[in-house]
Amino acid sequence: MLGYALRRVLSAIPIALIAVTVCFFILRLAPGGPFDGERALPPTVLANLRAHYNLDQPLINQYFIYIWRLLHGDLGPSMVIDGFNVSQLIRIGFPFTLTVALTAFVIATSIGVLAGMIAAVNQNKWPDYVLVLAVMLGVVVPNFLMAALLQLWFGVYLRWLPAGGWVNGSIWHLVLPVTVLAWPHAARISRLMRGSMIEVLGTNYVRTAKSKGLGQRLVLARHAIKPALLPVVSYLGPGLSYLLTGSLAVEQIFGLPGIGKYFVTAALNRDYGIVLGTTILYMFIILALNLLVDLVYAWLDPKVRYR
Amino acid sequence: MAGITGKDEVLTAYARKLETLDAPKGRSLTQDAIRRLRRNKAAVVAIFLVVFIVAAAFIGPYFLTWGYAEVDWTAIRKPPDFEKGHYFGTDQNGRDMLARVLQGTQMSLIVAAVATVVSVSIGVVYGAVAGYFGGRVDAVMMRIVDIMYALPYILFVIILMVMFGRNPIMLFVGIGAIEWLTMARIVRGQTLSIKEKEFVEAARAGGAKPWTIIMRHIVPNLTGPVVIYATLTIPEVIIAESFLSYLGLGVQEPQTSLGTLISFGAPVAEVLPWMLLGPAGVLVTLLLCFTYIGDGLRDALDPKDR
């Protein structure tokens, strides 16, 4: 198991390096730069600025400078937001994004698993149909539209919840964003859970368990849940990365102070440092998540061999 | 001896009756699939709705009194008014919302069609090549797909759109280029099993080149899964496009798309709800329909999955 984990970690390193390289060159090869503002800067100022951020050097040198800094854990300076470097901005914005995404993740996963199980046990009865409807809405309605509709209904008409913005420490401001984020995730999880649970309930060992006189609950708890969770577990990694990237959009819509706000503004301003830093951060998280999921999977499913 | 039991008579009558009947027709796999699809009520309704929306989006504007960029100075920010011909109301600039919704739907549909074609073409060729050659080629090509899966793709599209200007071509290419990964995986899996079939072996024995085998013998046999996943890609593309437009990175004024319309409608929905509800209704209907059609096609073309 340890060897397997180690091999997986090692094989992720070249992937990460290639991805960083691709990001770097896509950004740099595009026309435009961080200092093409509306007011043209005096040439000497521009030259000094470019020299300060190493933009005057050949692209390949810039690349090696960037990689060298990255290996030392330095994501470089922000080129538009004065006096901040990227690591600082990430430290300010990312904990918030992570809180929102993880809250949505935990809530959505628990609801999804539970709802999927209830629907599977009551297949083709009313709880099943209610679930199918909720799932359809979650999968089909895009998050920005869901956000707009929920804001309108709960924020404006009913006035139960704040429609947007952020007051420090207020949980109520997070209810709508987390709902918007969690709904599609819960929908996908419950669909997976329902499908695999139905399959598991039809297997011979579940029939054996039933026929030896175990009650419904014991059959579910002892025999059915663990194998039925397998497809759900393999979705958790991609699911969390969807939540983290989706959180960028939701923050933008609800005006929350997470990393998403910085990212979109930075992309519009061609602030290479922040765009690249955020992308790299996300990439590492996603790679780590996939790794974690593979390990959990190997532990859950005795059929997986560590090659 | 004839006629004692009456058996011969019955048999002769039966033989004559058979002669008058047409030869029995076998049902092809396609006919079978169509029959199964027709029995799926949700899919049939969805197909009719999509046809209706497509027709309305492309033909409808010719029958409207107002153009999508035309300003009616007497009706600014007005709710639906049937006498003046503003069936969906007007926006803050006095433009007819129905005309704008139809134009936006047209744009979203065009983007969806082109981006889906782009992603399907890339995915099919990539997956078929990886699956057919197998071995090290396959390992490297699929590793690349894994890498791209690990990238936060929406960030990439945002970067692409910002960097290369907001022209529709980049929109097509950008969205098409990120949606091909799943298609490539599915096609590769199918190719792995198809390439072991006898007809591929026969083609190889006949001296066909790998490219000919892939394009002439393998790709045509992939139609089923490719059609299913192409249908399921369309709603994803529509969502991606409308999201980018929502952020202000997609289609630009006076052109519009469903996402752009929603992004203008959402902030004023409290006082001008028709500006949000019109485009939102069309968008959700379209997405629902394509999802139902995709599911229906999967059930119809892939009976072993049921």
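Of the 306 residues of chain B, 40% count as buried. A residue is called buried if 20 or more other C-beta atoms lie within 10 Å of its own, exposed if 12 or fewer, and partly exposed in between, with C-beta atoms placed from the backbone. In chain A, 36% of the 307 residues count as buried.

Before going further, a word on what you are looking at. This is a predicted model, in which local features need pLDDT of at least 70 and side-chain atom pairs count only at pLDDT 80 or more, while totals for chains, interfaces and linings use all residues. Residues are numbered from 1 along each chain as its sequence is written, and chains are lettered from A and ligands numbered from 1 in the order in which they are written.

**The two chains**

Which secondary structure does chain A have? The count comes to 11 helices and 0 strands. Chain B has 13 helices and 0 strands. Here helices (H or I, at least four residues) and strands (E, at least two) are DSSP runs, numbered from the N terminus. The C-alpha atoms of chain A fill a box of roughly 85 × 60 × 30 Å along the principal axes.

Contacts tell you how a chain folds back on itself. Two residues are in contact if their C-beta atoms, placed from the backbone, lie within 7 Å. Among contacts in chain A between residues at least 6 apart in sequence, 73% join residues at least 24 apart. For chain B, residues 24 or more positions apart account for 67% of the contacts with a separation of 6 or more.

**Helices that pack together**

Two packed helices are described by the angle between their axes and the distance between the axes. Axes are lines fitted to C-alpha atoms, for helices over the stretch in contact, and angles run from 0 to 180 degrees between N-to-C directions.

| Helix pair | Angle | Axis distance |
|---|---|---|
| α4(A) (residues 86-121) and α5(A) (residues 126-140) | about 135° | 7 Å |
| α9(A) (residues 216-254) and α11(A) (residues 272-300) | roughly 175° | within 9 Å |

Angles under 35 degrees count as roughly parallel, over 145 as roughly antiparallel, 65 to 115 as roughly perpendicular and the rest as oblique. With an angle of about 135°, α4(A) is therefore oblique to α5(A). Their crossing is left-handed, a label used if the near helix is turned anticlockwise from the far one by less than a right angle, with right-handed used if clockwise. At this contact, A:Ala115, A:Ile118 and A:Ala119 in α4(A) meet A:Pro127, A:Asp128 and A:Leu131 in α5(A). By class, that makes 5 nonpolar, no polar and 1 charged residues. In this scheme Ala, Val, Leu, Ile, Met, Phe, Trp, Tyr, Cys and Pro count as nonpolar, Asp, Glu, Lys and Arg as charged, and the others, Gly among them, as polar.

The second pair, α9(A) and α11(A), is roughly antiparallel. The residues that meet include A:Leu229, A:Val233 and A:Leu240 in α9(A), and A:Ile285, A:Leu289 and A:Val296 in α11(A). This contact divides into 15 nonpolar, 5 polar and 1 charged residues.

**A core with members from both chains**

In soluble globular proteins, nonpolar side chains tend to be buried together. A nonpolar core is a set of buried Ala, Val, Leu, Ile, Met, Phe, Trp, Tyr and Cys residues joined through C-beta atoms within 7 Å. Which members of the largest core touch the most others? Of its 143 residues, they are A:Ala104, A:Phe144, A:Leu181, A:Phe263 and B:Ile262. Helix α4(B) (residues 97-133) gives the most to this core, with 17 residues.

Take A:Phe144: leaving aside neighbours within four places in sequence, A:Phe144 is in contact with A:Ala249, A:Ile253, B:Phe243, B:Tyr246 and B:Ile262. A:Phe263 is one of the buried residues of α10(A). Helix α10(A) (residues 259-268) is mostly covered, with 7 of its 10 residues buried. Just after α10(A), A:Arg270 takes a positive phi of about 55°.

**Two leucines to find**

A:Leu75 sits in the loop between α3 (59-71) and α4 of chain A. A:Leu75 counts as buried because it has 21 C-beta neighbours inside 10 Å. Its contacts beyond four places in sequence include A:Asn85, A:Gly273 and A:Gly277.

B:Leu297 lies in helix α13(B) (residues 273-301). Is B:Leu297 buried or exposed? With 24 C-beta neighbours inside 10 Å, B:Leu297 counts as buried. B:Leu297 and B:Ala33 are 264 residues apart along the chain, yet their C-alpha atoms are separated by 8.1 Å. B:Leu297 also touches B:Leu37, B:Val227, B:Ile228 and B:Thr231, not counting residues up to four places away in sequence.
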